[in-house]
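Keep the structure in view as you read.

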Amino acid sequence: MKELVLYIAQSLDGYIARTNESIDWLLLFDDESTAERYNLFMDTIDTIVMGYSTYRQVTEELSVDNWPYNDKKVYVLTHRELVNPYGVQFVHGDVSELIKSLKQSTEKNIWLVGGSKIIEQCMRAKLIDRYIITIIPTILSEGIPLFEKTLKSTPLRQIKTVQLKNCVECEYINV
């Protein structure tokens, strides 16, 4: 069975986006070391699961007119009825059922990219197998937290730390 991997960046104070959902601050730390780690990670996955806000950020902010995941199966969890030119599958059902099905059917691992509400649902259902979190050396002071305050304590074990040019990538598994 394949793994569901949360691969995400957060500010030093634990936010994944500004209050207005902007991730402009991430672009300041996009360098060859983070690009190399990203490319290594992308080789380990063939499926991506994300929420609508993350999908919107990719298509409207990060990669306008250039879908970056052409060689991956992409599932976007949303209540909206959407049509997509990139072959994305919009899913309206239970995230747990989707992930359980994907773990049985994918050839490589599954990337859980965000956002925080979907991460929370996956954590509550104990579906995340690995957490790879890049800590960006900036303090936002407010914004969208990586982990919802309503989550119960979740013990993890650190298995790897990689020092990048300006950031630190930490990898954890469940205890």
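A salt bridge is a side-chain nitrogen of Lys or Arg within 4 Å of a carboxyl oxygen of Asp or Glu. Arginine 56 and glutamate 60 form one, with their closest N and O atoms 3.6 Å apart. The two residues are four apart in helix H2, so about one helical turn separates them. Helices (H or I, at least four residues) and strands (E, at least two) are DSSP runs, numbered from the N terminus.

This is a predicted model: local features need pLDDT of at least 70, side-chain atom pairs count only at pLDDT 80 or more, and totals for chains, interfaces and linings use all residues. Residues are numbered from 1 along each chain as its sequence is written, and side-chain values use heavy atoms, with hydrogens and water left out.

**Salt bridges**

The structure holds ten salt bridges. Three of them are listed here.

| Pair | Closest N and O atoms |
|---|---|
| Glutamate 3 and arginine 130 | 2.7 Å |
| Aspartate 129 and lysine 103 | 2.8 Å |
| Arginine 56 and glutamate 60 | 3.6 Å |

Glutamate 3 forms a salt bridge with arginine 130. This pair links distant parts of the chain: glutamate 3 sits in the segment before E1, arginine 130 in strand E7, and they are 127 residues apart. Glu3, Arg130 and Glu171 are linked in a network of salt bridges.

Glutamate 3 is partly exposed at 28%. Arginine 130 is buried, at 14%. Glutamate 60 is exposed, at 51%.

Aspartate 129 forms a salt bridge with lysine 103. Aspartate 129 lies in the loop between H4 and E7, and lysine 103 in helix H3 (residues 95–105), so the pair ties together parts that are 26 residues apart in sequence. Aspartate 129 is partly exposed at 24%, and lysine 103 is buried at 8%.

**Pockets**

Pockets are found on a 1 Å grid over the protein atoms alone: a pocket is an open set of points with protein on both sides within 12 Å along at least five of seven lines, and lining residues have an atom within 4 Å of a point. A volume is the space filled by probe spheres set on the points.

The largest pocket holds about 1500 Å³ of space. It is lined by 49 residues, and Ile23, Thr54, Gln57, Leu62 and Val113 are the closest to its centre. Which helix or strand gives the most to this lining? Helix H2 does, with six residues. By class, the lining has 27 nonpolar, 15 polar and seven charged residues. Here Ala, Val, Leu, Ile, Met, Phe, Trp, Tyr, Cys and Pro count as nonpolar, Asp, Glu, Lys and Arg as charged, and the others, Gly among them, as polar.

The second largest pocket holds about 280 Å³. Of its 14 lining residues, Met123, Arg124, Lys126, Ser153 and Thr154 are the closest to its centre. H4 supplies the largest share, three residues.

**A loop lysine and a helix**

Lysine 152 is found in the loop between E8 and E9. Lysine 152 is exposed, at 70% relative accessible area. Lysine 152 and methionine 123 are 29 residues apart in sequence and 9.3 Å apart in space, C-alpha to C-alpha.

In helix H1 (residues 32–42), Ser33, Thr34, Arg37, Phe41 and Met42 are buried.

Terms used. Buried < 20%, exposed > 50% of the residue type's maximum accessible area, 1.4 Å probe, protein only. 1 Å grid on protein atoms, 1.4 Å probe; cavity = no way out; pocket = protein on both sides within 12 Å on 5 of 7 lines; lining within 4 Å.
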